[in-house]
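Good morning, colleagues. Please look at the screen as I speak.

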Amino acid sequence: MNPETGTGKLTRKDFAASQDVRWCPGCGNNAILAQMQKTLPELGIPRENIVIISGIGCSSRFPYYMNTYGIHSIHGRAPTLAMGLKCARPELQVWVVTGDGDGLAIGGNHFTHALRRNVDINILLFNNRIYGLTKGQYSPTSEIGARTSSSPDGSIENPVNPVGLAIGSEASFIARTVDVFQKHMSGVLRRSADHRGASLVEIAQNCIIFNDATWGHITDPDNRLENVLYLEHGKPMRFGKQGEKGIRLNGLRPEVVRVVDVGEENLLVHDEQASEPTLAYLLSRMGPPDFPTPLGVFRAVEKPVYSQLLMEQVHNAQAEKAADLDALFRQGETWTVPEQPGGGKR
Amino acid sequence: MSAAAKTREALEQVTILFSGDSGDGMQLTGSQLTTTSAILGNDVSTLPDYPSEIRAPAGSVAGVSAFQLHFSHQEIHTPGDNPDVLVAMNPAGLKTNLSRLLPNGVLIVDQDAFSERNLAKAGYENNPLDDPELGTCYQLHPVPVTTLTLNALDDLDLKRTVKMRCKNFFTLGLVYWLYDRPLEQSLEWIDKKFARIPLVAEANRLALQAGYHYGDTSEAFAVQWTVPGASNEAGTYRIINGNEAAALGFVTAARLAGKPLVYSSYPITPATDVLNHLSRWKHMDVRTIQTEDEIAAMGSAIGAAYGGAFSVTGTSGPGVCLKSEAIGLAVMLELPLVILNVQRGGPSTGLPTKTEQADLLQAMFGRHGESPLPILAAASPGDCFDTVIEAFRIAVRHCTPVFVLSEGYLANGSEPWRIPSLQEMEPIVVRHPFDPEGFQPYARDAATLARPWVLPGTAGMEHCIGGLEKHPPTGAVSYAPEDHEEMCRLRADKVARVADFIPGLEVDGSLDAILLVLTWGGTCGAALTAVRRARECGRSVAHAHLRYLNPFPQNLGKLLVRYEKVLIPELNSGQLALLIRGRYLVDAISFPKLRGQPFTVREIEVRIEELLS
């Protein structure tokens, strides 16, 4: 029973922890927090059955601000805790909150393997292309040339593309949204929550202090529609203020075309359920300056879920064999030393 | 000469060493003799010694695989020092281990394997079998094992290479005759093992019998020895090694608490077999996770413990290095779980298949900050079972991660194990609070200082824990100086309180002796044997063995000051000695050994002699 509403239905307030939120004013994380607090009550999952696990970094303070179960763990390792928890308690809904440094640098290995195994967890990757908590060093997603406190002459590193990495990791659900696109984010979060298996949501997030407007080309209200491609399953890929532009495939290369020139029937049609991730990968490569940035669900396919497979093996074994500890003790050759009067003693 | 003409002599004990190429089946031969001897009623103890390469170049010294077995009419605690018998299947096997054979020991060699090529591979310029001195120093028995095996299998339609592989059973048969062991156990094993390839089963059976009959009929072997059974405590027994004992202990601990077991691990020698065993026991509600790395294994262990499972991660020293940050998190989160370190020679990759006890200080201090946790160490292969169960009792009682130290020597070594009865074991009581009234995540039990182990899924108790310092008892993040100091004290006190619940240290021997030999881990057996032998020679010496290394038993300090001298033999450069000296200001004498091999009884005996004469 919800003391606030007097009903069993939970509200946003139920998910807000009493802790003061200590992110910088204007930080994109605040918007993501608000959407999670708004979305989770809509899932119909009891609050106590939700666990949020994070690593280290600004984003990883997230669990402190949610009135669910939570662990603020160590740098990069949140997916590993989530994995162990799901093996112990498959029925819990587990979220991992991570950032571009936490999830892709120090935790890159776990990120890859959690997705590959298809552990039933939801990974939210807050990507601000900078290390915020350590005050502004370049991150694995910082662009070449990014001038930061540790790259005063410009970063000389190739950035990693989180969506592409997730595809390479055989992820079954991959989406991208933006901190300030509240409605879009809410929809993506719901899809992520509903997906069975590992889901990755890259959230383009603004760090107002160290990397302000890093996503300006897609958040700027004046140019947003020119620079964003909203992915919709089964729909032709159109963008632009009037939807006048589209994406067409020319051989193996996508190209931006005017819809009137080619006709809508010749545009690429989004298929998030395609069995091969080729289309998703092609989309993951799109972005400025030549292409709009795709937002929405890149890929959502059904694959066997790790925790479920594990428990199936356990249940099958239990159905086949009694849980007889004594029989386990007696595996192999045994022999018996009879009671002797007086008794020998080892 | 007929069998009747042979003499029989009784022996108290025998130490036999099988030495051959990695592909010669020495481990199998050794374990067969072990099981047969144990079933016969002997006390047994084994020491497998094999290279880390799966197949080093055949015939090379690097590829020598050895198995030492000590079987006795009396209670024994070690796999024996120097062997009385050496069975060398090739020149490399002879070269590697001949120096260990006792003077006038029995030396059986497969003379067929002493070809020019094999001699060269082993680095022999001349055939050592041609050296008359070999027959003077030892009871040399060159046996054409290969020829005799092939002859015995002449009628079988099998490839020569398959027949060659039966050599080890011929040798085993010969040793069975030499020590008057029955063939039945091995015959049954062969039938089971090769049930699907009856011809191979037949070949091995014939080879085993041929070896036995060769001993019986060959004039070369005039004496048959017997080693009568020991009088063990009544019960049903089996042979067990330390890794299987640990795996069984984990399953048992979970059963005693009615919990699922989650074991997350990354393959690493010599701990891998624990994972292999547990992955086959899913019917016991065991959930194994083979993680992408050691760090993930520790992270998963924390996640599983948080979810309420009995959670373990198993590894060896290099793995602990990688896990150490996450172990610190477990200390901070105060969650019950067990970390098993099957120690090997280090540092770095070190000696993967050789034993050492050099991770004690790593377990004790190998994390940043003040990060205490309880540490237990197993004393023998079978003791791994009891030690891991005890570790879980402590983990749950005090809501803390607990280290268990095993060793390659214990993990791979084996001994008879009296099969326990679950009914005789005390259940492990687990409490998960579910009343939100007044709940505080870091409130403490008055006696144990444990914090409550609240499970996610419990309504009304939602909370966040983490690696940041906390305000006691709310667990809210706090960097206040007084809170940090108080939390450090509480975490330390909690581990110290474990001493209130563990037995005092017992001494084997007199409290008024001059010398106390203090051991931990697998050094127990050799030290105990050495101390008892020294006492039989009238020496004033006692032995005490520490299962609990952090905290130490409460009476340890008082015991230590009773003795004029304290000797601490350990397979490291003096780690326990450092702790003992630092903690009790006792001038303990360190006896280090760093050779990748356990102490021999003799080594410790000699040191005792030196200290008391």
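In this predicted model, strand S12 of chain A, residues 334–337, is joined to S9(B) by four bridges, and the two strands run antiparallel. One pairing to locate is that of Val337(A), whose bridge partner in S9(B) is Gly235(B).

Let me turn to the contact between the chains as a whole. On chain B, 60 residues are in contact with 55 residues of chain A. Several elements of chain B each supply at least two residues to the side that touches chain A, among them helix H1 (26–39), strand S9 (235–241), helix H10 (242–257) and helix H13 (317–333). Which element gives the most to that side? It is H12(B), with nine residues. By residue class, the side of chain B that touches chain A divides into 28 nonpolar, 21 polar and 11 charged residues.

Next, the sheet within chain B. Seven strands form an open sheet in the order S11-S10-S12-S13-S15-S14-S21, with mixed pairing. S11(B) and S21(B), the latter spanning 548–550, stand at the edges with a single partner strand each, so one side of each has no neighbour in the sheet. From one strand to the next, the twist averages 20 degrees.

H12(B) packs on it, touching S10, S11, S12 and S13 of chain B, and its direction makes about 165 degrees with that of S12(B). H13(B) lies across S12, S13 and S15 of chain B, running at about 160 degrees to S13(B).

Notes. Residues numbered from 1 in each chain as written. Chains lettered and ligands numbered in written order. Predicted model: local features only at pLDDT ≥ 70, side-chain atom pairs only at ≥ 80, totals over all residues. Contact = placed C-beta atoms within 7 Å. Nonpolar A, V, L, I, M, F, W, Y, C, P; charged D, E, K, R; others polar. Pairing = 2+ DSSP bridges. Axes fitted to C-alpha atoms, helices over the stretch in contact; angles between N-to-C directions.
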